[in-house]
There are 2 protein chains.
Amino acid sequence: LRGSTRSADFVVTGSWGQKAAQEAAREGAVHIAWDGKEHNYSRLPSDSQVRRSANAAYIHITSNETIQGVQFAADPDFGDVPLVCDSSSDFLSRPVEISRYGLIYACAQKNAGIAGVTVCVIRKDLLERVPQGLPTMLDFAQMAKYDSIYNTPPVFAIYVLQLVLRWLKNDIGGLANMAQLNQQKSKLLYEALDGRFYRGHANVDCRSQMNVTFRLPSEELEKDFVKQAEQRNLFELRGHRSVGGIRASIYNAMPIEGVQSLRTFMDEFRQARA
Amino acid sequence: LRGSTRSADFVVTGSWGQKAAQEAAREGAVHIAWDGKEHNYSRLPSDSQVRRSANAAYIHITSNETIQGVQFAADPDFGDVPLVCDSSSDFLSRPVEISRYGLIYACAQKNAGIAGVTVCVIRKDLLERVPQGLPTMLDFAQMAKYDSIYNTPPVFAIYVLQLVLRWLKNDIGGLANMAQLNQQKSKLLYEALDGRFYRGHANVDCRSQMNVTFRLPSEELEKDFVKQAEQRNLFELRGHRSVGGIRASIYNAMPIEGVQSLRTFMDEFRQARA
């Protein structure tokens, strides 16, 4: 989508944004329009803090960063440049203002189904930018032209996606309801972060509803926390190895009961050490 | 694997070989070392008929062509140039002399599992040829370096592949047994091709054990054949739209009983018109 004369602008808010910018730099000019590295990726920019390059073909964001646990609270608005969004980890977790986006892409394995399929929603006019001669598997225009079946598609993964979409529509009642549930779930955990015993990684206004990241007073206590949690059937709470600490991933499929169990454990674990 | 100064040689024996050569030509020099087009892709070359270019980085073959129904009977030997093989449609259908190959790649959805995963077996020394800066998803060296989990892999498709491999090993008794079964299955159908009523597409010595392709005396009869077959629960017998006729795909998962049913129907259909 960048073409040969323009730059791809990146708003880097965490590990996935970094990787996306690195990958894009293999093929052409990249401009970092904002980078949260100096804040240890604990916060997001306001729309006005993002510095577009003069010839930006698009601006890329990662709507939710799973490792740092920061998430754009609302669809950003950087003016009249197409917004490209890696929405892999919060796709279908809430409604989006789709008209703001030029391209949304999301691998399915967080909220939408199983690993092995990526959903892409692209504005038709952007397809005209795709240059001739790309490897077909990287060519959005070919994929669109052949209705996504130029190659044999991952049929089972698409079928599971269909089941998830039906569940969202019929059982949950749509994305607005899903968003409300996700707010309730994340609130249960964020309420427990008191800043002394449990210290949240993300700034309060940048907190992710998908990945709740926090530290304990010591790494010793963090190890203890993970171990005791497992004894209560609360698994996968260790933070990503690149940042440490604790991470509770509470995607759509995690029921509120699971989050409540974790909250209860968090309270008890703290009280036992008060 | 080609590098910037060498050519990729292609032995084109059908539709998939054509597509592979077209795709490779997007990125560099391609030399067609043999093309079966003038024979309507009904036969394969002998090893000596293949004309390598002087600076071939590799020679690419398609071991089985699903649409035309031609298959290399044995692992070819084109001398000391790495053999790259799209084995998508006959992988795991028979033993291969693996030392002949530089790279075998095979999407799973014919004999190995469900769509959405591709198995690649590559000689380690060829990984050193991979240039810096390729898109990571097209970079064999990166995939090998990260044990195929640089990205989240298609877990379910890999799990199904594991089940199929266990079935092949424990229930079938290995690839030699599988090959014998596939020979029996294809023989049942090829025996019925008398050259007058049922005319096989592939030359006798190039016949595929996976896809049995043939014509009837008229397109009218072919339509009738497909329709009556469906009344006997024999489905998907229409040939690929690009070549017409009849195609019986009898991959590993098709039991011999299914092939016997088709054979019985073929005999009866012919006898009713004798």
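**Interface of chains A and B**

I counted eight residue pairs in polar contact between chain B and chain A, both residues at pLDDT 80 or more (a pair of N or O atoms within 3.5 Å; within protein, one must be able to donate a hydrogen and the other to accept it, and residues adjacent in sequence count only if both atoms are side-chain atoms). Helix H1 (15–25) and helix H4 (155–172) of chain B each supply at least two residues of the side that touches chain A; helices are DSSP runs of H or I, at least four residues, and strands are runs of E, at least two, numbered from the N terminus.

This is a predicted model, where local features need pLDDT of at least 70 and side-chain atom pairs 80 or more, while totals for chains, interfaces and linings use all residues. Residues are numbered from 1 along each chain as written, chains are lettered from A and ligands numbered from 1 in written order, and side-chain values use heavy atoms, without hydrogens and water.

I looked up the contact (heavy atoms within 4.5 Å): 19 residues come from chain B and 19 from chain A. Of the interface residues of chain B, 100% are also interface residues in chain A, so the copies meet through the same surface.

**Symmetry**

I laid chain B on chain A with a turn of 180 degrees and a shift of 0.0 Å along the axis, at an RMSD of 0.0 Å (least squares on C-alpha atoms of residues with pLDDT of at least 70 in both). That is the relation of a two-fold axis.
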